Amino acid sequence: MALDGITTSAIVSELKSALLGGRIDKIHQPVADEIRMTVRIPGMGAKKVILSANSAHPRVHLTESTRENPMTAPLFCMVMRKHIAGGKIIDIVQPNFERIVIIRVESANEMGDITTKNLILEIMGKHSNLILTDENGKILDSIKRVTHEKSSVREVLPGKEYVFPPSQDKKNPLEAASGDFALSLHLQEGRKLQEFLYQTYTGISPIMAGEICSRAGLDASNACQETSIEESEKLFAAFDKTMETIKAEAYLPAIYYQENGKIVDFAVLEMTQFASLQKKEFETISALLEGFYHERDNAAHIRQKAQDMRKLIMNNIERCVKKKEIQMKTRRETKGMDMWKKKGELLTANIYAVPQGVTTFKTIDYYEEDMPEIEIAIDPAKTPAENAQKYFAKYNKAKRTLAALEIQEKQNEEELVYLESVLNALENAKDDADLSEIRTELAESGFIRRQVQKKGQQKPKKSKPMRYISSDGYEILVGKSNLQNDELTLRVADPTDLWMHTKDIPGSHVIIRTNGQAELPEATMEEAANLAAFYSKAKNSSMVPVDYTQRKNVKKPNGAKPGMVIYLTNKTIYIHPDENRINQMRIE
């Protein structure tokens with residue numbers, strides 16, 4: 001479900017209960033489109049609030065999570081600190097059931113007078129914004145500035161008067177009356193019941209419109225004009241009861257799942273249309289939103305932060321692919337080198353038999369068993385000896401080229417495999433520590449400049465391998481980068497631990513801590529192989545080959561790039577990557 005007016009109403013109710021009367025203690029802006037505030041409540045301690053204008057996941061709710069803050073606060077964060085830090089939250093409102101939340105803050109201005117500032121979060125998809133205004137409605141600043149070039153309808157700039165986003169002429173569902181509802185319903189032309197609900201009333205998403213139809217026992221795809229009076233009354237009764245539930249703040253926050261564990265949607269009201277699905281209930285709306293958005297928001301953050309490295313790696317992979325094509329062309333061009341040598345030797349053997357001034361010379365090819373006749377091209381401007389030397393020179397050049405080519409091909413192939421392994425690590429990165437380690441690895445490998453740590457700057461947190469516990473109780477460790485793979489395999493694992501890796505496919509090193517046991521349960525082996533396949537380039541393939549051997553059989557060649565190893569005496573297991581099976585494993 002989108003964060004619609006109903007969910008917004010629920011979170012406003014929760015925020016009012018939790019934050020009214022509290023004072024804003026700390027304000028941070030960890031990323032470009034997100035503000036985090038710490039609010040101290042008299043007698044209740046501190047609560048943290050997240051206000052995100054992220055185009056994919058805009059929202060506001062209480063949070064328990066933390067995020068690393070930049071050394072220097074962005075401009076909007078500084079403006080907020082100047083105007084509302086230390087201020088008292090006196091009200092939180094949702095105007096006209098829109099996806100807008102206004103936090104009213106009482107604070108002192110430069111003259112020491114108490115004034116009311118408005119912190120306005122507009123939850124509107126890619127147009128989402130967080131805006132701070134003064135007591136007169138003048139914009140002090142916004143997290144996203146909207147110039148005339150971006151929007152000719154509504155500028156959002158410091159000094160401009162704040163105006164609400166353009167109205168879509170929808171009605172407030174909390175004020176709907178039976179007569180008006182029925183009249184509006186039967187005036188619809190070519191609309192379905194579901195469309196009528198979410199296109200006529202503010203803050204109702206298509207999913208919630210479908211739920212109201214379900215509660216009324218009607219098909220959401222029924223045409224409005226074909227709806228009987230009785231059906232119209234049933235629809236309004238379900239609609240009105242839903243609105244009464246919202247007014248009573250009788251919310252039931254839950255996330256609904258398919259059998260394979262994938263999220264279908266979330267809701268703050270009971271969803272009868274999802275009755276057959278599994279659901280996880282939450283005590284608060286904030287806990288629901290935190291649980292639903294955390295993984296998605298973190299993935300978007302990691303993807304955005306890794307963009308420069310991904311572009312660098314893709315450019316280098318493209319360079320390696322082009323180089324490989326050139327090398328293949330060169331190899332094709334040297335394919336006739338043995339023939340050039342043969343022609344030189346045949347000319348040398350028949351040096352006095354070659355007539356002067358001819359362009360071709362035919363002789364017996366005594367290198368072949370049946371000794372066929374061979375025709376050799378001759379440059380009439382050169383002597384037979386010079387023609388022979390020309391063929392020998394061509395052969396020797398091709399021989400040197402081929403020798404160098406074999407070295408270059410090996411180096412290029414190793415670099416290509418390495419870059420694909422780094423790209424796979426980027427795809428599996430979970431947090432900033434993982435990205436920091438991958439950046440360090442690229443710097444050590446010479447692909448990017450090493451970043452000099454500034455004085456007073458905190459050292460990045462060290463990334464740790466993923467840790468799983470198999471159904472049989474065995475510890476399974478999974479590397480998240482090539483540097484981590486090396487450390488996990490060469491320094492952490494014991495010689496008798498079991499090592500796994502996808503066969504000839506970039507991926508993570510996986511270690512099963514065997515505790516000295518020679519044989520492991522089949523379920524543990526399959527679970528570890530599933531992890532190796534899932535955290536590899538072949539995660540979306542089927543029947544992925546995974547090699548396994550004891551750690552003592554794995555060696556790192558001198559000069560090999562991070563994560564690159566060789567191994568002997570291995571066996572192979574074929575596995576179909578199953579994310580649901582991984583989700584069911586314990587992570588510690």
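1. In this predicted model, arginine 581 and glutamate 526 form a salt bridge through their side chains, with an N to O distance of 3.4 Å. The two lie 55 residues apart and link distant parts of the chain: arginine 581 belongs to helix H14 (residues 579-583) and glutamate 526 to helix H13 (residues 522-534). Arginine 581 is partly exposed at 26% relative accessibility, and glutamate 526 is partly exposed at 24%.

2. Salt bridges with shared partners connect Glu34, Arg36 and Arg67 in one network. The salt bridge count is 29.

3. Aspartate 547 and lysine 503 also meet in a salt bridge, at 3.7 Å from N to O. Aspartate 547 sits in strand S19 (residues 544-550), while lysine 503 is in the loop between strand S17 (498-502) and strand S18 (510-512); the pair is 44 residues apart. Aspartate 547 has a relative accessibility of 1% and therefore counts as buried, the cut-off being under 20%. Lysine 503, at 33%, is partly exposed.

4. A salt bridge of 2.8 Å, N to O, joins the side chains of arginine 331 and glutamate 409.

5. The largest nonpolar core has 75 residues, and Leu19, Leu235 and Phe239 have the most contacts inside it. Helix H1 (residues 5-19) gives the most to this core, namely seven residues. Beyond its neighbours within four places in sequence, leucine 235 contacts residues including Phe181, Leu185, Ile212 and Leu218.

6. A second, separate core has 27 residues, among them Ile476, Met500, Ala528 and Ala538.

How values were computed: Residues numbered from 1 in each chain as written. Predicted model: local features only at pLDDT ≥ 70, side-chain atom pairs only at ≥ 80, totals over all residues. Heavy atoms only, no water. Core = buried A, V, L, I, M, F, W, Y, C linked by side-chain atoms within 4.5 Å. Buried < 20%, exposed > 50% of the residue type's maximum accessible area, 1.4 Å probe, protein only. Helix = DSSP H or I, 4+ residues; strand = E, 2+ residues; numbered from the N terminus. Contact = heavy atoms within 4.5 Å. Salt bridge = Lys/Arg side-chain N within 4 Å of Asp/Glu carboxyl O.
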